[in-house]
Amino acid sequence: MPTIKEDMNRRQLLYSLLTPVMNTYVKGLDKGKALYFYFIKAETKTKSGLLARTVLTSYYKSQHFTARPYDPYNVYTSPNEAILCEDSFQSMYTQMLCGLYEREHVLRMGAVFASGLLRAIRFLQLNWKQLTRDIRTGSLNPKMTNASIRRCMCRVMRPDPALADFIANECGKDNWERIITRIWPNTKYLDVIVTGAMTQYIPTLDYYSGGLPKACTMYASSECFFGPNLNPMSDPSQVSYTIMPNMAYFEFLPHEPNSKLVDLTKVKIGKEYELVITTYAGLYRYQVGDILRVTGFHNSAPQFQFVRRKNVLLSIDADKTDEAELQHAISRASLLLKEFNTSVVEYTSYADTKTNPGHYVIYWELLGNESVSEEVLEQCCLAMEESLSSVYRQSRVADKAVGPLEIRVVESGTFEEVMDYAISRGASINQYKVPRCVSFTPILELLDSRIVSTHFSPSLPHWVPHV
């Protein structure tokens, strides 16, 4: 996406509003620190010589971030040197190590997306033994070869056997429920995006945090920053973002047939629109692909809920399942897992047309799946089908054009491997999102190689023709 220097000033303006808004809901943030997991990605150049990098890399490398003045409300445990390290392992390791040293001073934790924070917890699960060894001896892991990191960590490293024993005791337990508040006991909330496709991470975040509030502070994309959430401590299902009209020229395409663009002042409460932007950097009437629902106004500025991405579909025949419908079906099916103290950690899907008829395949990674029976997982398949559209159920029941839905349970850590593969091919660790529908053969092969069990819907979903 094209960008210009002035864009950074506008983005910084939005960032500067987040802390005053949050201070009206959470007091005392100037008395501690924030453990945020931030990362950059290596830069490239276009054939014409223009610098190409992710929007967050641009921000973290800018003077707005690296030379930011001291602000007691925004003190990070992670040193700039760790955030600016292009090696994601060294960056994560160093940020986690600093966060452990500062465990009693951490008041909030976060990452850009909920998936990023869960990736950090998974990293702790895999590396706590080496991290505690570093803390016990006061010596940095020799795998940290980045010179800037080694220099800055000289100011941080100190032998602390008591801290090492505490972390080893907590991480060595089989039960990781509430691990965030066990290790970082003063954490007030999690600063993560849990709207849209990220809502499916809420049960897992609740498991690890003991149900800490989740603050969605702003709405932004690579193309443009849009505006803040003026009620950041609201329930994730109620989150609305307020559009700042100085960030770009905003237009809205009603999500209905034969519609015409309307401007910012002509939107109507309760209606859904596709967001269209014209930016200072040169995008003209660019369709972002986000579907938003108007929830109200702040003065004259409209407020929106993020509904879904446009055209993320599974389709076998006449059925068309978008991201929101798939997420709803996953949520309904997940309720059957609660009594077994497990939940869906991650998922993706695939329209398998090699079978006759074709059918939906849902890949699930579960948080501890030993106690879930074959029968329960089959009922999860049926619950998903019952939650899908009438068109899908007609295709299953009457037309026989779609086969039984299949859930493939994969090994723990499988979606970490999918992310690592995507990053190795150029994806940004900050902005990576698990694709909700996959068709790329190497990803499918990776998922299929990690299957633990497969389960099919045991019967037809309910469907009756409309009279």
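Tutor: Two strands pair if DSSP finds at least two bridges between them. Keep that rule handy, and keep in mind that the model is predicted.

Student: How many bridges join S5 to S6?

Tutor: Two bridges, with the strands running parallel. The cut-off is at least two, so S5 and S6 do count as a pair. At residue level, Asp 191 has Ala 215 as its bridge partner in S6.

Student: What makes S4 a partner of S1?

Tutor: Five bridges join S1 (residues 33–37) to S4, and the two run parallel.

Student: In what order do the four strands of the open sheet come?

Tutor: The order is S1-S4-S5-S6, and the pairing is parallel.

Student: Why are S1 and S6 said to stand at the edges?

Tutor: S1 and S6 (214–215) each have a single partner strand, so one side of each is left without a neighbour in the sheet.

Student: How do you know that S4 is mostly covered?

Tutor: Buried means under 20% relative accessible area. Eight of the eight residues of S4 (residues 106–113) are buried.

Student: Which residues of S16 point one way, which the other, and are they buried or exposed?

Tutor: His 359, Val 361, Tyr 363 and Glu 365 point one way, Tyr 360, Ile 362, Trp 364 and Leu 366 point the other way, and all are buried. That's why S16 (residues 359–366) is described as mostly covered, by the under-20% cut-off.

Student: What makes S15 and S17 partners of S16?

Tutor: Bridge counts again. S15 (residues 344–352) pairs with S16 in the antiparallel sense over eight bridges, and a hairpin of six residues joins them. Val 344 has Leu 366 as its bridge partner in S16. On to S17 (residues 406–410): five bridges join S16 to S17, and these two run parallel. Trp 364 stands opposite Val 409 in S17.

Student: What makes a set of residues a nonpolar core?

Tutor: The members must be buried residues of the listed nonpolar types, joined through side-chain atoms within 4.5 Å. The largest core here has 114 residues, and Phe 37, Leu 124, Trp 184 and Phe 250 touch the most other members. Helix H6 (residues 114–137) gives the most to this core, with 10 residues. A second, separate core of 26 residues includes Ile 330, Leu 366, Val 372 and Leu 405.

Student: Which residues does Trp 184 touch?

Tutor: Not counting residues up to four places away in sequence, Trp 184 touches Leu 35, Met 96, Gly 99, Leu 100, Arg 103, Val 106, Met 109, Leu 124 and Ile 179.

Student: What is Glu 417 in contact with, beyond its neighbours within four places in sequence?

Tutor: Leu 446 and Arg 450. Glu 417 and Leu 446 are 29 residues apart in sequence and 8.2 Å apart in space, C-alpha to C-alpha.

Student: How many residues line the second largest pocket, and which lie nearest its centre?

Tutor: The lining has 33 residues, with Gln 125, Tyr 208, Val 345, Glu 365 and Ser 412 nearest the centre. The volume of this pocket is about 590 Å³. H6 gives the most to the lining, with six residues. By class, the lining has 15 nonpolar, nine polar and nine charged residues.

How values were computed: Residues numbered from 1 in each chain as written. Predicted model: local features only at pLDDT ≥ 70, side-chain atom pairs only at ≥ 80, totals over all residues. Heavy atoms only, no water. Buried < 20%, exposed > 50% of the residue type's maximum accessible area, 1.4 Å probe, protein only. Contact = heavy atoms within 4.5 Å. 1 Å grid on protein atoms, 1.4 Å probe; cavity = no way out; pocket = protein on both sides within 12 Å on 5 of 7 lines; lining within 4 Å. Points joined across faces, edges and corners; volume = space filled by probe spheres on them. Nonpolar A, V, L, I, M, F, W, Y, C, P; charged D, E, K, R; others polar.
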